[in-house]
Amino acid sequence: LAMAIGYSVVVGWILKYAVASFTGAALENQGVEAFTAYFNTAASSWGNTGWQVAAMAGTLLIMAFCIGGGIGASVIISQHFGGHAYSRMKTSIRTAMLSFLLISLLLGGIGLCFSRQIMEALNTPADAMDIAVIYLNIYFYGLPFLFMYNILSSMFNALGESRIPLYLLIFSSVLNIFLDLYMVATLHLG
């Protein structure tokens, strides 16, 4: 819940800036410094509550789709597992994993194809456009991993193996820390 709230605050800032960009209230292509100054002002003002509530609603919808789909699949899988219908259980697992993988690849592919247009619609300054597109693409590349983690976590829980998702989460967090250190300290990508 804390991650969802923190994420929603940041998304709220982005939504506030996006709407300001669409309405012309934001600064128009005056460079990264002007964008930073505007965003710092927008992010620190007390008028963000509505945007953060809207972002929280959007975040909860996305989470509900990912987690709800996983829970729905886990109900069917656990029924087959409890009824010793293992061939039907395997079919349900394959169907759920393939469906989630295809949906995430489709959404990620659409996002990758239109990431520049999304940034242009947000009136991203020209000198920040390339790096903003790269940053957005990273999220779209990660979408299949997010979807697959949620479906696999639900499936392991349905089979009574609740420790495996925890171990996967610990592993991915430790890997993230080491890759961050490697990329910043060695490759100078930070």
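Is Ile-170 buried, partly exposed or exposed, and at what relative accessibility? I looked this up in the model, which is a predicted one. Ile-170 has 43% relative accessibility and therefore counts as partly exposed, since that class lies between the cut-offs of 20% and 50%.

**Entry: the surroundings of Ile-170**

I placed Ile-170 in helix H6, which covers residues 163-186. I then looked for a surface patch that includes Ile-170, and found a nonpolar one of about 710 Å².

**Entry: aromatic pairs**

I next turned to the aromatic rings, for which a pair is described by the distance of the centres and the angle of the planes. I noted a count of two aromatic pairs. In one of them, Phe-81 and Tyr-86 have ring centres 6.1 Å apart and planes at 65 degrees, so I recorded this pair as edge-to-face, the cut-off for that class being over 60 degrees. I also checked the accessibility of both residues. Phe-81 is partly exposed because its relative accessibility is 33%; Tyr-86, at 38%, is likewise recorded as partly exposed.

I recorded the pair of Phe-100 and Phe-147 as tilted, with 6.0 Å from centre to centre and 55 degrees between the planes. This pair links distant parts of the chain, its residues being 47 apart. Phe-100 belongs to helix H4 (residues 86-121), and Phe-147 to helix H5 (residues 129-158).

Are Phe-100 and Phe-147 buried or exposed? I found both Phe-100 and Phe-147 to be buried.

Conventions
Residues are numbered from 1 along each chain as its sequence is written. This is a predicted model: local features need pLDDT of at least 70, side-chain atom pairs count only at pLDDT 80 or more; totals for chains, interfaces and linings use all residues. Side-chain values use heavy atoms; hydrogens and water are left out. Rings of Phe, Tyr and Trp (its six-membered ring) pair if their centres lie within 6.5 Å; planes under 30 degrees apart count as stacked, over 60 as edge-to-face and the rest as tilted. Buried means under 20% relative accessible area, exposed over 50%, partly exposed in between (1.4 Å probe, protein chains only). Helices (H or I, at least four residues) and strands (E, at least two) are DSSP runs, numbered from the N terminus. Patches are made of residues with over 30% relative accessible area and no salt bridge: like charges are joined within 9 Å, nonpolar side chains (Val, Leu, Ile, Met, Phe, Trp, Tyr) within 5 Å. Accessible areas come from the Shrake-Rupley method with a 1.4 Å probe; for residues, only the protein chains shown count as cover. A salt bridge is a side-chain nitrogen of Lys or Arg within 4 Å of a carboxyl oxygen of Asp or Glu.
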